[in-house]
Structures are given as C-alpha cells and as structure tokens.
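Reader: I have a model open and want to go through part of it. Can we start with the terms?

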Amino acid sequence: MFRHTNTNHIRLMVVGEPGVGKSALIVKYLTGRFISEYQSDFDWKYSYQTNIDGEQVHMEIIDSLTIDDSHIRWAEGFMMVYDVTNPDSLLKVEQIKQRLDTVRSTKILTMIMVANKTDLEHCRTVAREQADAMAVRLSCGHVDCSACGPETNVRFAFDELCREVALARQHSAK
Ligand code: GDP
Ligand code: MG
C-alpha cells in the first residue's frame, strides 16, 4: 500500500487531554515498554523506522503538550486519545476535532480515535456506545488500547493510522 504513495515518510500527531496516556502510548509503541511516569515539559518529535505490511515506513510522531497550529498543519494523521475512566477526555476529542478542522480548513483529516487505559476496564466511566457514536459522527476508526500489559493493541492502532494516511494519499492523488 505504501509503495503507491510518493514517499514512505509519514507524519503523525498524538492529541488528547493531559493525562490520557499520549506519551505512554508513544513510548510503548517505540520501545515496547510501559513507562508509568513519563515527564516531559515540552512538545517532542520522535523519529521511527518500522515495517508495516511488509514495507519500510519512516514515521515522525509529535507528542504535544499544547496543540500548536503549525503542528496541525504539519501532520498528516492524528491519533485522538481519550481515557476510558475519564468522560471529559472523550468530550475533549470532539473539541479538538473542531480545532483541527478549523486550522486545516480544506485539507482532509485522517484520524483514529483511541480508547486508552482499557486495562482499567473495572473503572470505566465512558460508555462504549457513546464513544462508538462519536467515532461514527467523526467518520473515523475507533480502537481499544492500553499502554500497559502484554496485549495492548498499541502497535495495531499506530499501524492502522499509517494505513489510513497511505489510503488518503492514494485518494488525493486520483
Ligand atoms: P499524557 O499527558 O496524555 O501524555 O499522559 P501520560 O502518558 O503522561 O500518562 C498519564 C498517566 O496515566 C500516567 O500516570 C501513566 O502511567 C498513566 N497511563 C497511561 N497510559 C495508561 C494505561 O494504558 N493504563 C493505565 N492504567 N495507566 C496509564
Ligand atoms: Mg505527555
């Protein structure tokens, strides 16, 4: 899929309310480890090479404390993270989407919604149906994840977002 695009270079941005686990998800994806207290006082851009569906992909991922307009314009794919134990973080996803739409105006928005902290299912306060309905409204995929534990779906979520970016490129090239 990626070889049909001009480049296998993909720019991603991870967004969501503070504390939802953006940094933990990125670190888990890049290192396979869960770092429980990952302190960062500034935006960080990671560079990562991986193989998706048999093809080499070079990714850059922004972990943002604040959502900067220049970063919104820079990114091709957005991972919108919420925490299943925090209903406000789900509402925040819709607010962020509006902001992204405003900044990007005519450009297509490729995004995926990530329900993080599903290892805390016993503390879940976000109704799955409400989150599913939001994903339908925002026309995006919706993936359950956890940054800790052995089977966390984190790799699937990032890989899936990259596939979506590649698909969007194919469509815009037509
Ligand atoms: P950020 O502000 O969105 O970057 O969130 P962090 O990555 O700093 O995570 C905030 C807090 O949530 C930290 O205490 C993490 O250890 C915790 N956390 C992140 N992801 C998970 C998860 O999947 N499960 C659990 N139980 N805790 C998590
Ligand atoms: Mg962080």
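Author: Two strands pair if DSSP finds at least two bridges between them. Helices (H or I, at least four residues) and strands (E, at least two) are DSSP runs, numbered from the N terminus. Residues are numbered from 1 along each chain as its sequence is written, and chains are lettered from A and ligands numbered from 1 in the order in which they are written. This is a predicted model: local features need pLDDT of at least 70, side-chain atom pairs count only at pLDDT 80 or more, and totals for chains, interfaces and linings use all residues.

Reader: In which sense do S5 and S6 pair?

Author: Parallel, with four bridges between S5 and strand S6 (residues 141-144). Ala115 is opposite Asp144 in S6.

Reader: Now the loops. Is Lys117 buried or exposed?

Author: Buried, because Lys117 has 26 C-beta neighbours inside 10 Å. The cut-offs are 20 or more other C-beta atoms within 10 Å for buried, 12 or fewer for exposed and partly exposed in between, with C-beta atoms placed from the backbone. Lys117 belongs to the loop between S5 and H4, and its phi is positive, about 70°, although it is not a glycine.

Reader: And Ser139, where is that?

Author: In the loop between H4 and S6. Ser139 counts as exposed because it has 8 C-beta neighbours inside 10 Å.

Reader: Switching to H3. Which residues are buried?

Author: Ser89, Leu90, Lys92, Val93, Ile96, Lys97 and Leu100. They fall within an arc of 150° seen down the axis of H3, so they line one face of the helix; the arc is that of the directions from the helix axis to the C-beta atoms.
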